[in-house]
Amino acid sequence: MSLPNEPSAWQVESSDVFMPIYYKGDLAGFFKREYADEIIKFLNQDEVLKKALKLACTDLVKATGGDSKQVKYKIRKYIKISERPKYGTRAIALLLSERQKTLDLSSQEFAKFCDTFKVSPSELNNIYAGEVIDDSLLSPLSRILGISKEQLQEVRDGAEE
């Protein structure tokens, strides 16, 4: 039993209109009318991009004289390198690039900025090149990025699962 002024957990909103969305003839779900068109547009665009990637990989394999079995491998490879890295040196390099954009600094200015935190331009270039990040750089990098040393170490080494 609920108190008189306390809202109920379950409610009915009869003024909301939901539209059914279908995927290949099967009901996928219901969305509010104002969102349905955008969602369908996005999902159809995603399908077109997947088809384009498959065609491009097929053309690449044909052009290089490869076997048609390599197409799926190429698709997975390109999707993997296109995803935002969550862990490792690539992830830290991306965080550094984002920090540079946030600070609105040129590459040269950002290198000088990092040097003031004891990360030399050559060490910075090594990070961008994907080389392993030494433990001694974790503290200065954490100050540059504005995150804790432990968070940065987790990004570098990967999360414990």
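Begin by selecting helix α3 (residues 89-103) and helix α5 (residues 121-128), whose axes come within 8 Å and cross at roughly 120°, the axes being lines fitted to C-alpha atoms over the stretch in contact, with angles running from 0 to 180 degrees between N-to-C directions. Now show the side chains of Thr89, Ile92, Ala93, Leu96, Ser97 and Gln100 of α3, together with Leu124, Ile127 and Tyr128 of α5, which make the contact (heavy atoms within 4.5 Å).

This is a predicted model, in which local features need pLDDT of at least 70 and side-chain atom pairs count only at pLDDT 80 or more, while totals for chains, interfaces and linings use all residues. Residues are numbered from 1 along each chain as its sequence is written, and side-chain values use heavy atoms, with hydrogens and water left out.

Next, select Glu98 and Arg84, whose side chains meet in a salt bridge at 2.6 Å, N to O (a side-chain nitrogen of Lys or Arg within 4 Å of a carboxyl oxygen of Asp or Glu). Glu98 lies in helix α3 and Arg84 in the loop between α2 (70-82) and α3, so the pair ties together parts that are 14 residues apart in sequence.

Finally, turn to Phe30, which is found in strand β2 (strands are DSSP runs of E with at least two residues, helices runs of H or I with at least four, numbered from the N terminus).
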